[in-house]
Amino acid sequence: MVEKISTAGKPIQCRAAVSRAAGEPLVIEEIMVAPPMPREVRIRIICTSLCHTDIGIWKLKDPPGMYPRIFGHEAIGVVESVGKGVDEVTEGDTVIPTFISDCGECEDCKSKKSNVCSKLPFKVSPWMPRHESSRFTDLNGEVIYHFMFVSSFTEYTVVDVAHVTKIDPSISPSRACLLSCGISTGVGAAWKTANVEAGSTVAIFGLGSIGLAVAEGARLCGATRIIGVDLNPDKFEVGKMFGVTDFINGGECGEKSVSQVINEMTGGGADYCFECIGSASLVNQAYFSCKNGFGKTVIIGVARPGSELGLSFHDVLHGGGKSIMGSMFGGIKAKTDIPILLQRYSDKELRLDEFVTHEIQFNDINKAFDLLLEGQCLRCVIWMDKHE
């Protein structure tokens with residue numbers, strides 16, 4: 001029997017899908033991954049998934065677009081080694097990395113009111129969050145930038161321990177990895193941010209994977225009417241799997257606005273509205289679709305830099321108490337809430353299987369970009385080739 005040689009404390013050479021220029025196909029190449037520094041964890045990625053945020057930044061030539069870079073922030077893996085001061089996880093643990101930190105030490109992480117860490121705040125940084133340097137270089141010694149503190153399009157990555165959640169290894173990796181970003185964001189927006197009440201009416205603007213995850217979260221919370229708004233009528237059939245009860249084609253409302261249609265359908269507006277596209281005009285429509293007095297409008301979509309909302313002072317004041325709020329990672333506290341969601345999946349309450357429409361091998365990663373850009377998939381799981 002051949003004894004496995006430990007790689008702890010040593011650089012690892014492995015394959016990564018490197019983005020060398022904005023909007024161009026990723027290149028599979030050999031890179032070097034440095035050992036973890038204090039409070040960091042080196043992870044062997046099992047599988048990863050592509051999110052619209054990856055594509056949004058990948059298209060940018062100017063900051064926050066920076067190259068060469070390793071994208072990917074939705075994944076699952078196994079701890080290969082840990083840096084000094086790490087006792088939360090150990091070699092061999094199955095973990096989910098997340099773009100938002102959960103340090104457990106700052107006032108915000110200790111509070112039940114927030115999931116936005118103030119010690120290691122989120123930003124689209126090219127570096128590790130704590131030491132602000134890269135753990136990646138190519139074989140010529142050139143630095144390769146990180147992405148959203150995860151960088152999962154590589155066989156090995158390094159993540160700060162505040163961005164790592166230990167999970168039950170028996171859960172299917174292709175399902176568990178979805179909770180690393182997208183599905184947690186949508187489900188959490190309904191569950192944690194809006195706190196959707198049983199018997200309520202919900203309107204969702206945009207039925208991509210995030211919008212459908214909002215529908216799933218609203219369904220789990222007991223909403224009795226879930227209205228989906230999209231330009232693609234095929235989304236209604238897909239949405240039914242996640243609890244969508246009504247559908248509005250935003251391009252077929254005639255002379256009426258979507259908000260007018262929703263107000264007429266609901267007799268005064270929905271209790272909760274979710275904007276899942278990243279469009280300022282849709283945020284306005286969502287707000288006007290919300291019930292005056294107590295309705296909640298939740299913004300999940302990521303807009304282009306510099307986008308501004310067009311609500312007037314009058315619109316807000318005469319809303320009479322209805323609110324508008326942002327939702328980062330669905331209000332989820334990774335280390336406590338992801339295990340809860342995984343348990344609900346194991347108990348056959350939370351639907352995850354239906355989100356996985358494609359599964360491919362790492363060598364075909366550019367196909368995942370094509371599928372998402374063409375609107376042909378919800379989530380495409382990318383498996384790393386198994387070679388030890």
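Let me begin with Arg135, which touches Met32, Val33, Ala34, Pro35, Met37, Glu40, Met128, His146 and Val158, leaving aside residues up to four places away in sequence, where contact means heavy atoms within 4.5 Å. This is a predicted model, in which local features need pLDDT of at least 70 and side-chain atom pairs count only at pLDDT 80 or more, while totals for chains, interfaces and linings use all residues. Residues are numbered from 1 along each chain as its sequence is written, and side-chain values use heavy atoms, with hydrogens and water left out.

Arg135 sits in the loop between α2 and β6, helices being DSSP runs of H or I with at least four residues and strands being runs of E with at least two, numbered from the N terminus. With a relative accessible area of 4%, Arg135 is buried; buried means under 20% relative accessible area, exposed over 50%, and partly exposed in between, using a 1.4 Å probe and protein chains only. The side chain of Arg135 also makes a polar contact of 2.8 Å with the side chain of Ser133. By polar contact I mean a pair of N or O atoms within 3.5 Å, where, within protein, one must be able to donate a hydrogen and the other to accept it, and where residues adjacent in sequence count only if both atoms are side-chain atoms.

Another arginine to look at is Arg175, found in helix α3, residues 173-176, and counted as buried at 15% relative accessibility. Its side chain is joined to that of Asp353 by a polar contact of 3.0 Å, and, again not counting residues up to four places away in sequence, Arg175 touches Tyr345, Leu352, Asp353, Val356 and Glu359.

Turning to helix α8, residues 280-288, the buried residues are Val283, Asn284, Ala286 and Tyr287. They lie on the same side of α8, because they cover an arc of only 160° around the axis, the arc being that of the directions from the helix axis to the C-beta atoms. Among the elements that cover these buried residues are β10 (201-205), β13 (272-275), β14 (296-299), α9 (313-317) and β15 (323-326).

What about the cysteines? A search of the whole structure finds 0 disulfides, a disulfide being a pair of cysteine sulfur atoms within 2.5 Å. Cys290 is in no disulfide, the nearest cysteine sulfur being that of Cys273, 3.9 Å away, and Cys290 is buried with a relative accessible area of 1%. For Cys380, the closest cysteine sulfur is in Cys377 at 5.5 Å, which is too far for a bond, and Cys380 also counts as buried, at 1% relative accessibility.

Finally, the backbone. Most residues other than glycine have a negative phi, and most peptide bonds are trans. Here, a cis peptide bond joins Pro63 and Pro64, with omega about 15°, and a cis peptide bond joins Tyr67 and Pro68, with omega about 0°. Pro64 lies in the loop between α1 (52-58) and β4 (74-82), and Pro68 is likewise placed in the loop between α1 and β4.

Asn195, in the loop between α4 (182-193) and β10, has a positive phi near 55°, and is a residue other than glycine; at 49% relative accessibility, Asn195 counts as partly exposed.
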